[in-house]
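Hi,

Here is the structure I promised to pass on. Have a look at it first, and then read my notes below.

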Amino acid sequence: MAFTTPSTWVAGAILTAAQLNQQLRDNMIATPRGVLGKQILTTAFGTSATHTTMQDTGQTLSITYEANRILRVTVQAHYYPNGGQQSINMEIAWGATPTVVGRSFMDTVALSSTSAQTSTCVMYVSPGATAGTATFKTRIGAASANTQVTQFADATLPRFFIVEDIGVA
């Protein structure tokens with residue numbers, strides 16, 4: 001259902017149910033709902049052995065969504081391989097199992113082992129025809145060497161996680 005540009009009404013016009021449904025109800029359904037949930041963390045996360053295993057970073061967000069909606073999941077964190085120069089894998093997953101809905105790979109050429117680098121992963125997820133509740137989380141792991149990798153954060157460079165409803169599927 002697409003948004004319809006509202007009509008300009010004149011004094012004395014008699015509105016029909018069809019006009020009101022199209023101009024009010026349908027446009028309200030098509031309008032994005034905005035932010036459904038957000039998490040901002042000022043604490044860092046570093047992997048523990050085995051570092052090549054994907055590990056939960058503590059970025060976890062539970063949201064409730066309506067049927068037939070498109071969700072945009074945005075994650076931003078500052079990554080670095082403090083255990084030695086290597087690539088980092090990052091995942092966004094949801095559900096209890098969890099199911100991976102997106103991946104990001106940060107190559108060693110883009111990373112510094114002495115300072116945090118910024119990487120943003122933006123993903124679109126369509127939850128399907130039914131309404132529900134979902135828990136999203138992020139996970140990181142070393143891509144090859146079994147040494148620590150970190151999502152850096154502090155008061156000036158927080159990690160954030162946002163889920164938005166951006167419209168009708």
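Before the notes, one term: a residue counts as buried if its relative accessible area is under 20%, as exposed if that area is over 50%, and as partly exposed in between. Also keep in mind that this is a predicted model.

Let's start with the aromatic rings. Phe 136 has a relative accessible area of 0%, so it is buried. Trp 94 comes in at 18%, and therefore counts as buried too. How do you describe two rings together? A pair of aromatic rings is described by the distance of the centres and the angle of the planes. Searching the whole structure turns up three aromatic pairs. One of them is Trp 94 with Phe 136, a stacked pair with 5.0 Å from centre to centre and 25 degrees between the planes. Trp 94 sits in strand 5 (residues 88-94) and Phe 136 in strand 8 (residues 132-142), so this pair ties together parts that are 42 residues apart in sequence. Ring pairs also join Tyr 65 to Trp 94 and Phe 136, giving a cluster.

Next, helix 1. Its 14 residues should span 20 Å at 1.5 Å a residue, and the C-alpha atoms at its ends are 18 Å apart, which agrees. Which residues of helix 1 are buried? They are Gln 23, Asp 26, Asn 27 and Ala 30, and the buried residues of this helix pack against strand 10 (159-168). Leu 20 is in helix 1 as well (residues 17-30), but with a relative accessible area of 37% it is partly exposed. Together with Trp 9, Leu 15 and Leu 24, Leu 20 makes a nonpolar surface patch of about 360 Å².

Asn 82 is in the loop between strand 4 (69-80) and strand 5, and its 32% relative accessibility makes it partly exposed. Where does Gln 148 lie relative to Asn 82? The two are 66 residues apart in sequence, yet their C-alpha atoms are 6.1 Å apart in space. Setting aside neighbours within four places in sequence, Asn 82 is in contact with Ser 113, Gln 148, Val 149 and Thr 150.

The other one is Ser 62, in strand 3 (residues 55-65). Ser 62 touches Ala 134 and Thr 135, if you leave out residues up to four places away in sequence. Between Ser 62 and Gly 141 there are 22 Å, C-alpha to C-alpha, with the two 79 residues apart in sequence.

Cheers

How values were computed:
Residues are numbered from 1 along each chain as its sequence is written. This is a predicted model: local features need pLDDT of at least 70, side-chain atom pairs count only at pLDDT 80 or more; totals for chains, interfaces and linings use all residues. Side-chain values use heavy atoms; hydrogens and water are left out. Rings of Phe, Tyr and Trp (its six-membered ring) pair if their centres lie within 6.5 Å; planes under 30 degrees apart count as stacked, over 60 as edge-to-face and the rest as tilted. Helices (H or I, at least four residues) and strands (E, at least two) are DSSP runs, numbered from the N terminus. Buried means under 20% relative accessible area, exposed over 50%, partly exposed in between (1.4 Å probe, protein chains only). Patches are made of residues with over 30% relative accessible area and no salt bridge: like charges are joined within 9 Å, nonpolar side chains (Val, Leu, Ile, Met, Phe, Trp, Tyr) within 5 Å. Accessible areas come from the Shrake-Rupley method with a 1.4 Å probe; for residues, only the protein chains shown count as cover. A salt bridge is a side-chain nitrogen of Lys or Arg within 4 Å of a carboxyl oxygen of Asp or Glu. The expected span of a helix is 1.5 Å times one less than its number of residues. Contact means heavy atoms within 4.5 Å.
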